[in-house]
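We will go stop by stop.

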Amino acid sequence: RLGALATRHSFVAARGPLRHDVHKIHIVMAPKVTTEQQLKKLAEAEKQLPSKRELEECIPKHCFERNPITSFSYVLRDGVVIGLLGYLAWQLPYENMSIPVMLLWAAYAFWQGTALTGWWVIAHEAGHGAFSPSQTLNDVVGFVLHTMLLVPYFSWQYSHAKHHSKTNHLLDGETHVPSTKKGFKLYKKVHNVIGDDAFALLQVVLHLLLGWPMYLLINATGARRLNPEFGRNVRIPKGEVLDHFRPSSKLFPSSWRFRVFLSSAGLLVWGAVLAVVGSKIGFWRLTLMYFFPYLWTNAWLVLYTWLQHTEENIPHWGEGTWTWIKGAAMGTIDREYGIFDWFHHEIGSTHVCHHLFSKIPHYHAYEATKALKKKLGPLYNHCDEFWVESMWRVAKTCHYVDAVDGKQFYRAANDFKKAKAQ
């Protein structure tokens with residue numbers, strides 16, 4: 001089962017089209033492979049993996065150029081969309097609403113949350129230094145945009161940089177680090193009671209609704225080990241809370257405490273602004289205009305991160321087997337998201353490039369991706385399955401790994417009795 005290519009998708013075939021000039025391949029069905037076959041294939045692929053320098057040399061040099069004017073034009077573009085949607089919503093009744101009006105508000109929440117995700121992505125790029133050559137300008141833009149979206153900018157900048165530096169590392173990776181079979185026991189009991197489909201639906205709801213706040217509050221699905229400043233290779237003690245808000249959180253080194261403080265202070269100031277706005281226009285109207293779209297923005301960012309590194313045949317590595325280039329190139333997947341690629345600056349369809357070279361701005365990422373695809377060949381991970389189908393399939397099949405050492409692949413709840421817990 002593990003590593004089988006599901007209907008209509010291939011992770012090592014040619015990339016689906018971001019534009020009309022890229023060929024798209026559909027694989028109807030592939031035979032199931034065993035874990036042993038997966039590991040053998042992975043070992044062969046690892047030997048063929050180019051170096052970072054070789055990959056960098058295959059990309060046109062202008063793709064690494066960061067133009068603040070171009071970057072600001074995308075901030076403005078997204079702002080126009082956000083402003084237009086907000087203006088239209090402002091005309092809607094917000095009390096004693098009829099069912100058609102409720103549906104209009106629901107549509108507004110989805111599309112405004114989708115548009116705000118564009119700003120989210122730009123702020124994320126700023127945190128990487130891809131907005132402009134000036135890190136000061138990057139941080140100002142990122143801080144403002146992320147704070148407006150209730151993101152602790154510097155705090156998340158740090159943990160996200162760790163996600164990039166330790167992609168698919170089973171001990172030190174950040175976000176969507178797989179559970180082990182031992183840690184999955186309670187969820188397996190839930191699965192036994194409610195069944196496959198209901199459990200998959202629960203996975204989707206928990207990820208998209210609670211995944212982001214739980215990560216910020218308690219570092220859910222984050223690293224298994226403390227920041228090295230608090231001990232080399234030390235597992236997080238039971239009861240220790242690593243959050244993104246306290247400067248004393250052991251998620252961060254002491255050198256980052258002031259920046260964590262600034263991030264949280266910014267959120268408090270923005271919270272005060274929202275409170276004043278709510279007192280003027282009414283908190284229910286503020287909820288309709290801002291907080292419901294905010295939930296959709298959160299859902300989008302979790303969906304992207306989840307699907308970008310989670311698949312049955314995408315490996316995770318333990319201590320001694322992981323390297324940066326393996327995690328970045330072999331542990332990341334590109335997918336197309338239709339019209340949402342336009343809203344979200346193709347963050348999901350050029351993500352392999354982003355993990356390899358995070359300072360390439362999104363407006364050069366497509367061209368860079370084409371060059372990387374050619375260089376990586378069959379090592380390039382791409383899924384041309386409809387992203388909603390991918391989400392559902394991943395929710396049904398990617399639940400835990402057997403252990404945190406060696407090379408691991410996701411297993412499903414139905415595999416629980418087939419392998420010894422470690």
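This tour of a predicted model moves from helix to histidine, then to rings and charges.

**Stop 1: helix α5**

Select residues 135–148. This is helix α5, with 14 residues. From its first C-alpha to its last the helix reaches 20 Å, close to the 20 Å expected at 1.5 Å a residue. Now show its buried residues: Asn138, Asp139, Val141, Gly142, Leu145, His146 and Thr147. What do the buried residues of α5 pack against? Colour α3 (68–90), α4, α6 (153–165) and α9 (257–281) to see their partners. Then step just past the end of α5 to Leu150, which takes a positive phi of about 60 degrees.

**Stop 2: His160**

Move to helix α6 and pick His160. Is His160 buried or exposed? His160 is buried, because its relative accessible area is 11% and the cut-off for buried is under 20%. Show the side chain of His128 as well: the side chains of His160 and His128 make a polar contact at 3.2 Å. Beyond its neighbours within four places in sequence, His160 is in contact with His124, His128 and His354.

**Stop 3: aromatic rings**

Now show the aromatic side chains. The model holds 37 aromatic pairs. Zoom in on Trp111 and Phe340, a stacked pair with 5.7 Å centre to centre and 25 degrees between the planes. This pair links distant parts of the chain: Trp111 is in helix α4 (residues 99–128), Phe340 is in helix α12 (residues 340–343), and they are 229 residues apart. Trp111 is partly exposed at 31% relative accessible area, while Phe340 is buried at 11%.

For another geometry, select Trp284 and Phe292. Their rings sit edge-to-face, 6.0 Å centre to centre, with 85 degrees between the planes. Trp284 is partly exposed at 41% relative accessibility, and Phe292 is partly exposed at 33%.

**Stop 4: charges over rings**

Select Arg259 and Trp256. The charged end of Arg259 sits over the ring of Trp256, 3.8 Å from its centre. Next, select Lys181 and Phe416. Here the charged end of Lys181 sits over the ring of Phe416, 4.7 Å from its centre.

**Stop 5: salt bridges**

Side chains of opposite charge can pair when their charged atoms come close. How many salt bridges does a search of the whole structure find? The search finds 13.

Start with Lys407 and Glu46, whose closest N and O atoms are 2.7 Å apart. Lys407 lies in strand β4 (residues 407–408) and Glu46 in helix α1 (residues 35–48), so the pair ties together parts that are 361 residues apart in sequence. Glu46 is buried at 16% relative accessible area; Lys407 is partly exposed at 27%.

Go on to Lys396 and Asp197, which meet in a salt bridge at 2.8 Å, N to O. Lys396 is in helix α15 (residues 387–397) and Asp197 in helix α8 (residues 196–218), 199 residues apart. Then select Glu311, Arg335, Glu385 and Arg393, which salt bridges with shared partners join into one network.

**Last stop: Lys61**

Finish in the loop between α2 (52–57) and α3, at Lys61. Lys61 is exposed, with a relative accessible area of 74%.

Technical notes:
Residues numbered from 1 in each chain as written. Predicted model: local features only at pLDDT ≥ 70, side-chain atom pairs only at ≥ 80, totals over all residues. Heavy atoms only, no water. Phe/Tyr/Trp six-rings, centres within 6.5 Å; stacked < 30°, edge-to-face > 60°. Helix = DSSP H or I, 4+ residues; strand = E, 2+ residues; numbered from the N terminus. Buried < 20%, exposed > 50% of the residue type's maximum accessible area, 1.4 Å probe, protein only. Lys NZ or Arg CZ within 6 Å of the ring centre and 35° of its normal. Expected span 1.5 Å × (residues − 1). Contact = heavy atoms within 4.5 Å. Polar contact = N/O pair within 3.5 Å; in protein donor to acceptor, adjacent residues only side chain to side chain. Salt bridge = Lys/Arg side-chain N within 4 Å of Asp/Glu carboxyl O.
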